[in-house]
Amino acid sequence: MTRFTIHPIHTDFAAEIFDIDLSKKQSSADVNLIKEAFWKYAVLVFPDQKLSLDQHVDFATLFGPIEMNVNTYQEEVKKHRFDYRVSDISNLDEEDNILAENSRKRMSGLANRLWHTDSIFRHQPALASALYALTVVPIGGKTEFADTRAAWDALPDITKNKIDKLIVEHSIFHSRAKIGFTNFTEKEKAALPPSRQVLVRNIPESHRKALYIASHAMRIIGMSDLEGVALLDELMAHATQPQFIYSHRWRVGDLVIWDNRCTMHRGTDYDEKRFKRDMRRATVSDIGNTVELAY
Ligand SMILES: [Fe+2]
């Protein structure tokens, strides 16, 4: 019997779900209710969870196949803190010590302070990300989410008509360069070539449209670089206005899952040399490249 309760944070964006234990197998009726809430709210917060890595991955798998973790600092890592099914979102090395100032893993983490949606820079991007908090910091270190469906809805018709069919080129190295992180090997660059994605997505489950942008966006196909960057900057500024944002303050045991197709997110600043922050993320693959999708 379903006993969990759903508390919306905004009208139709971000909700907190209480009285559910995600370590247990959910009934198919409950899975359907969770999915319905997910399609509606796009960000779901499940507080007070105690999840093993397997249980965390099992929950994420309800939404689709898991994307294998590939980091841009891969070659420096001697030993992974977790396995390939999850991403290590921490400021810790393999012995759980705070990362050195010049660590490439640290630099890569800093790029998460820019607004983005996960894996848009891959040919097949990510549908959902499920981030689980193991150790949190006492101040700062929040994750902010932007509802890019509401941002789309609020655009004037003239802009909607102008941008609806545009295609954008994304690269993870573009966003990394914005924070001065440029020392990648040719092998690393070759492993993640630029991707092309639509600028406006149709979300079939909610029948809504969403802006699909990120700091990884380099240029708009068919536009001059100057014009394309100006339009991307304008859309980014529009989509990240306060009325579209939910800011999540983490507690140990929070599992937050978000829909990468219709939200952006970013981490906020914290004293990373003083406090340990340990999170792991299971990422669910989208069904294909957005330019190749039929909708
Ligand atoms: Fe992210």
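Here is a short tour of the model, stop by stop.

Before you click, note that this is a predicted model, where local features need pLDDT of at least 70, side-chain atom pairs count only at pLDDT 80 or more, and totals for chains, interfaces and linings use all residues. Residue numbers run from 1 along each chain as its sequence is written.

**The whole chain.** Show the cartoon: you have eight helices and 15 strands (DSSP runs numbered from the N terminus, H or I of at least four residues for helices, E of at least two for strands). The radius of gyration is 18 Å against 19 Å from the globule rule for 295 residues, so the chain is as compact as a globular protein of that length. That radius is taken over C-alpha atoms, and the rule is 2.2 Å times the number of residues to the power 0.38. Along its principal axes the C-alpha trace spans about 50 × 45 × 35 Å.

**The core.** Now select V43, L44, A128, A130, L211 and I213: in the largest nonpolar core, which has 62 residues, these touch the most other members. Strand β5, residues 126–135, gives the most to this core, with seven residues. A nonpolar core here is a set of buried Ala, Val, Leu, Ile, Met, Phe, Trp, Tyr and Cys residues joined through C-beta atoms within 7 Å. Buried means 20 or more other C-beta atoms within 10 Å of a residue's own, exposed means 12 or fewer, and partly exposed lies in between, with C-beta atoms placed from the backbone. By that count, 37% of the 295 residues are buried.

Centre on L211 next. Leaving out residues up to four places away in sequence, L211 touches T148, A151, W152, V200, L235 and A239 (contact means backbone-placed C-beta atoms within 7 Å).

**Two positive phi angles.** Jump to D19, in the loop between β2 (15–18) and α1 (28–41). D19 is not a glycine, yet its phi is positive, about 60°. This residue is exposed, with 10 other C-beta atoms within 10 Å. Then go to A42, in the loop between α1 and β3 (43–46). A42 also isn't glycine and has a positive phi, near 70°, but A42 counts as buried, with 30 C-beta neighbours inside 10 Å.

Finish with the open, antiparallel sheet of three strands, ordered β8-β7-β11; strands pair if DSSP finds at least two bridges between them. The edges are β8 (195–198) and β11 (217–220), each pairing on one side only. Between β7 (residues 167–170) and β8 there are four bridges; to see one, pick I167 and its partner V198 in β8.

Note on methods: Contact = placed C-beta atoms within 7 Å.
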